[in-house]
Amino acid sequence: LPTPQLPIRTLHFDRDVSRTQLADHVTLYTCPNPVNNIFSFALRYHDGTRHTPQLGLLAAYVDAAGTDSLSKQQLASAWQRMGVTFEVKAAADRFSLVLTGRDDQLVPALTLLAHLLQHARADEQAMKQLKQEVRVERRSFGKQATDVVGPLLQYVAYGPQSNYLQQPSLKEVKALTADSLAALFQQLQQYQCDIVYCGQTDEHQVAHLTQQLPLQRSQEAAVSVERTVNVVEQPVVYFYHVPSSRQNLVCSYEQLPPQPQATGRATAQLWAHYMGGGMTGVLFQHIREFRSLAYSTQGELIEPNYARRPEAPQAFVTITGTQADKTLLVVNAVDSLLHHMPMKQENLEAARQELLSTLQKNYPAFRNKGYVVANARLQGYVDNPATEQAILLPAVKAAQVDSFQHEHVANNRRLWIVIGDRRQTDLQALAAYGPVVELHRKDIYR
């Protein structure tokens, strides 16, 4: 007997998480902890590494620095005595200071956080440690093919807006001073912020306790930097040499048209998962299982922020790991499948169920509910896009997926990326798919 489809549970932004406007540029999100007395408290400033790349360095610096009256060791001991963990995180659109501990330590934890915000000092030892860590990280880049694939895909998709080309160069890191990062920490606090709390303290009490934080500094609107995926003007094969690489990585990239309507997005998502997601996907079945050409293969849809830019284009990338002598066979096979996608109804239904199962699994644990809502609202969403996706995905027909393939993918221009040892790779044969351009570290990574 057929199993009835259970309704997909998705988070309701207004019902499942409480939101309080503390000031024009300060929002509090709260969610109860029904299990124990452990709280989490995150103060998140709305500026991130995409707008201010140095914030990635600042996160590591603040985590290792002290204040004007407490050394790093004394600060760490103070957190330890409370039983509170303190973390600093930098993301593309936000900078977070996160506390976790027992609810009876919330007051002293916020007092210490306020002290750090107001009195963080320039710490030369922390600066020296940071520079050493960055130097080791940068010098180790590129020794493995897997190191290179992310920067290369960002290079073809975003060009100079790639995260890896925006990050401070090693020369710029060496020129940084402890004073400049301490000043950046103070400047950061001028931006709009939100607070995400989960625990057993009443939301009104939490709002009251946040008054000891210097939130009056948050006067600047959130900074948003949206990127547009590049169009493929002509087919090109990019090659990146990794000496003695044991395998080649073969990637494809192509821009897909905008999907301003939710129904079109659902179709694109189902097509992408049917093509490149999971063990029933076209790529896995035909490249790995049927032809034994790959160790691994997958495809991924790159989507814009639909809340702010519904008219922006999408992109689709594939990544396949193979033996060097099978590189041309993989390029030919992937290209053929993208031109002539086989339609198998049972595999399409499996792809649909995998997407729906992922939506179901992605329903957040109680401690993460506030973050999900705060992140979505920061991106401009008013309602949960997963709710709409759960409604639309079951209604997408095989004919719509097939039509999407024929209209937008079959005759599309695409770029190819091959990463591996040039001594083991037939670059001349790859020229059949476009001019071969060899890229170097400086092209994709600062």
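This is a predicted model: local features need pLDDT of at least 70, side-chain atom pairs count only at pLDDT 80 or more; totals for chains, interfaces and linings use all residues.
Start at helix H12. The buried residues of H12 are covered by elements that include helix H11 (262-276), strand S9 (296-302), strand S10 (314-322), helix H13 (327-339) and helix H14 (345-361).

Now select H12 itself, residues 282-290. Which of its residues are buried? Val282, Leu283, Phe284, Gln285, His286 and Ile287 are.

**Next stop: serine 292.** Step just past the end of H12. Serine 292 sits in the loop between H12 and S9. Check its backbone: phi is near 50 degrees, a positive value in a residue other than glycine. Its relative accessible area is 46%, so serine 292 counts as partly exposed.

**Then serine 244.** Go to the loop between strand S7 (237-241) and strand S8 (248-256); serine 244 lies there. Serine 244 is not a glycine, yet its phi is positive, about 60 degrees. Is serine 244 buried or exposed? Serine 244 is exposed, because its relative accessible area of 57% is over the 50% cut-off.

**Now aspartate 93.** Select the loop between strand S4 (85-90) and strand S5 (95-102), where aspartate 93 is found. Show side chains. Aspartate 93 and arginine 94 are joined through their side chains by a polar contact of 2.7 Å. What else does aspartate 93 touch, leaving out residues up to four places away in sequence? Tyr45, His46, Asp47 and Gly48 are among its contacts. Leu378 and Gln379 also touch aspartate 93.

**Zoom out.** Show the whole protein chain. The cartoon has 19 helices and 12 strands. The C-alpha trace spans about 65 × 60 × 35 Å along its principal axes. The radius of gyration is 25 Å; a compact globule of 446 residues would have one near 22 Å, so the chain agrees with that picture.

Look at how the chain comes together. Take contacts between residues at least 6 apart in sequence: 84% of them join residues at least 24 apart. Of the 446 residues, 52% count as buried.

**Last, the surface.** The protein chain exposes about 20800 Å², and carbon and sulfur atoms supply 49% of that. Colour by charge to finish. There are 42 positive and 41 negative side chains. The centres of these two sets lie 5 Å apart.

Key:
Residues are numbered from 1 along each chain as its sequence is written. Side-chain values use heavy atoms; hydrogens and water are left out. Helices (H or I, at least four residues) and strands (E, at least two) are DSSP runs, numbered from the N terminus. A polar contact is a pair of N or O atoms within 3.5 Å; within protein, one must be able to donate a hydrogen and the other to accept it, and residues adjacent in sequence count only if both atoms are side-chain atoms. Contact means heavy atoms within 4.5 Å. Buried means under 20% relative accessible area, exposed over 50%, partly exposed in between (1.4 Å probe, protein chains only). The radius of gyration is taken over C-alpha atoms; the globule rule is 2.2 Å times the number of residues to the power 0.38. Accessible areas come from the Shrake-Rupley method with a 1.4 Å probe; for residues, only the protein chains shown count as cover. Lys and Arg count as positive and Asp and Glu as negative; His and the chain ends are not counted. The place of a charge is taken as NZ of Lys, CZ of Arg, CG of Asp or CD of Glu.
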